[in-house]
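Hi,

Here is the structure I said I would pass on.

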Amino acid sequence: MNTQPSILITGASSGIGRALTLHYANAGYQVWAGGRSMDKLQQLCNTHQNITPLLCDLTDFDAVKASASQLPALDILLLNAGTCEYIDDAKQFDGALFHRVISANLIAIGYCLEAWLPLVKQGGKLALTSSSASFLPLPRAEAYGASKAAVSYLARTLSIDLKKDDIHVSVIHPGFVKTPLTDKNDFSMPFLTSPEKAADIIFKGIDNHKNEIHFPKVFTWLLKAFALLPFPLWKLFAVRMTK
Ligand SMILES: NC(=O)c1ccc[n+]([C@@H]2O[C@H](COP(=O)([O-])OP(=O)(O)OC[C@H]3O[C@@H](n4cnc5c(N)ncnc54)[C@H](OP(=O)(O)O)[C@@H]3O)[C@@H](O)[C@H]2O)c1
């Protein structure tokens, strides 16, 4: 009988998800590593026998649903995959961009939950990766910020409703982490964290049944403090940022 704990991680082919995959594999977990890039997933699998690729576009409900038949019971379901695109000119609102981001960051999570949540064992854990961008309305983040604010709400609602099923839910609010996603950013990113450090913090947070995992603390507490400001005051700051 296989006694290794099991985890499914989405977005495993890159950035934070890749670092998490290696972290859990090194900790002895049987890891199902989700992504769309088979070559990157295969590279990961070549490093550890206990990593299995799960090739799937999470915005394709039929594909997500079909994948469930190849999966075992899970100790942890970690929905980390996501994308970031900014609205450059709100007046010329890009509805297709908005759809892409909301689909990948939010709707896909609904697909994953329908397909995979039944596999999570009693006493198991679910973790959703949101963003500290969800704390405050930030310039150009109409799509990304809205998707992540919804993910945070979703996670907290699930945390209430899955209590009776003995599934613990953690919501993850990272600050800036150096990954291909942030390499595209054209602004300075304070307190940039490495993906390995992020993975270590997330691993410990999930292990310790944290409701919220946020880091780096100096940055996320600062954002949380700003979020307490009356909106007109925050708006003054935020409008200045756009100049
Ligand atoms: N980096 C940061 O500073 C930061 C801060 C806050 C929150 N986050 C969140 O952390 C998560 C990971 O971000 P990251 O920085 O590690 O980004 P990343 O390096 O760009 O990795 C994104 C991952 O998501 C996967 N993915 C995206 N769309 C997908 C889809 N439709 N179907 C399946 N997989 C999909 C990608 O798979 P393929 O490459 O195989 O397509 C990739 O593995 C995201 O949810 C992001 O919003 C990141």
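**What I found**

Arg-140 sits in the loop that runs between β5 (120-129) and α5. Keep in mind while you browse that this is a predicted model. The backbone at Arg-140 is worth a click: its phi is positive, about 65 degrees, even though the residue is not a glycine.

Phe-215 and Pro-216 are joined by a cis peptide bond, with omega at about -15 degrees. Pro-216 belongs to the loop between β7 (212-215) and α8 (217-226).

Which residues come nearest to it, out of the 29 around it? They are Ser-13, Ser-14, Tyr-144, Val-177 and Thr-179. By type, the shell around the ligand splits into 15 polar residues, eleven nonpolar ones and three charged ones.

- Ser-37 has a polar side-chain atom 2.8 Å from an oxygen atom of the ligand.
- Leu-58 uses its backbone instead: a polar atom there is 2.9 Å from a nitrogen atom of the ligand.
- Lys-148 places an N or O atom of its side chain 2.9 Å from an oxygen atom of the ligand.

How much of the ligand's accessible area does the protein cover? On its own the ligand has 890 Å² of accessible area, and the protein covers 93% of that. As for where the shell comes from, the elements that give it two or more residues are α1 (15-26), α5 (142-161) and α6 (180-183). The largest share comes from α6, with three residues.

Take α5 and its partner α4 (residues 95-116): their axes come within 8 Å and cross at roughly 15 degrees. An angle under 35 degrees counts as roughly parallel, and α4 and α5 are therefore roughly parallel to each other. Their crossing is right-handed.

Then there is α1, which packs with helix α7 (residues 195-207) at an angle of about 60 degrees, the axes being 8 Å apart. That angle makes α1 oblique to α7. Here too the crossing is right-handed, as α1 passes α7.

That is the lot from my side.

Cheers

Conventions:
Residues numbered from 1 in each chain as written. Predicted model: local features only at pLDDT ≥ 70, side-chain atom pairs only at ≥ 80, totals over all residues. Heavy atoms only, no water. Near = heavy atom within 4 Å. Polar contact = N/O pair within 3.5 Å; in protein donor to acceptor, adjacent residues only side chain to side chain. Areas by Shrake-Rupley, 256 points an atom, 1.4 Å probe, with all protein chains shown as cover. Helix = DSSP H or I, 4+ residues; strand = E, 2+ residues; numbered from the N terminus. Nonpolar A, V, L, I, M, F, W, Y, C, P; charged D, E, K, R; others polar. Axes fitted to C-alpha atoms, helices over the stretch in contact; angles between N-to-C directions. Parallel < 35°, antiparallel > 145°, perpendicular 65-115°, else oblique. Left-handed = near helix turned anticlockwise from the far one by under 90°.
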